[in-house]
Amino acid sequence: MFCRNIGPVDRALRAIVGLVLISLTVVGPQTLWGLVGIVPLLTAFLGSCPAYTILGVKTCRVEDRAA
């Protein structure tokens, strides 16, 4: 379904950023803008980024691209 184009380091960073942004809905400014963190968290979980596909960017090794 999705072609993997995100490497392991990129996935880990996206997951961390996503969790931090989502935590802003509970602590800190407590606004719903923290829900933007769902996007990097979802792309980290799926291993595929639509923006990377459009731009032709791949941060994973050749063996990891098969989904």
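Reader: Where does Gln 30 lie?

Author: Gln 30 sits in the loop between α1 and α2. Keep in mind that this is a predicted model.

Reader: What's phi doing at Gln 30?

Author: Phi of Gln 30 is near 50°, so a positive value in a residue other than glycine.

Reader: And is Gln 30 buried or exposed?

Author: Gln 30 is exposed, with a relative accessible area of 53%. The cut-off for exposed is over 50%, which is why Gln 30 gets that label.

Reader: OK, what about Gly 34, where is that one?

Author: Gly 34 is in the loop that runs between α1 (8-23) and α2 (38-46).

Reader: Buried or exposed?

Author: Gly 34 is buried, and its relative accessible area is 3%. Buried means under 20%, so Gly 34 qualifies.

Reader: Which residues does Gly 34 touch?

Author: Leaving out residues up to four places away in sequence, Gly 34 touches Leu 21, Ile 22, Leu 24 and Thr 25.

Reader: How far is the C-alpha of Gly 34 from that of Leu 21?

Author: The two C-alpha atoms are separated by 4.7 Å, with the residues 13 apart along the chain.

Reader: Is Cys 60 buried or exposed?

Author: Cys 60 is buried, with a relative accessible area of 8%. Cys 49 is buried too, at 6%.

Reader: Let's zoom out. What does the secondary structure come to?

Author: The protein has three helices and zero strands. Along the sequence, that reads as α-α-α.

Reader: How much of the protein counts as buried?

Author: Of its 67 residues, 24% count as buried.

Reader: And the accessible surface, what does that come to?

Author: About 4,800 Å² for the protein, and 74% of that belongs to carbon and sulfur atoms.

Reader: Last one, on contacts. Of those between residues at least 6 apart in sequence, how many join residues at least 24 apart?

Author: In this protein, 66% of those contacts join residues at least 24 apart.

Note on methods: Residues numbered from 1 in each chain as written. Predicted model: local features only at pLDDT ≥ 70, side-chain atom pairs only at ≥ 80, totals over all residues. Heavy atoms only, no water. Helix = DSSP H or I, 4+ residues; strand = E, 2+ residues; numbered from the N terminus. Buried < 20%, exposed > 50% of the residue type's maximum accessible area, 1.4 Å probe, protein only. Contact = heavy atoms within 4.5 Å. Areas by Shrake-Rupley, 256 points an atom, 1.4 Å probe, with all protein chains shown as cover.
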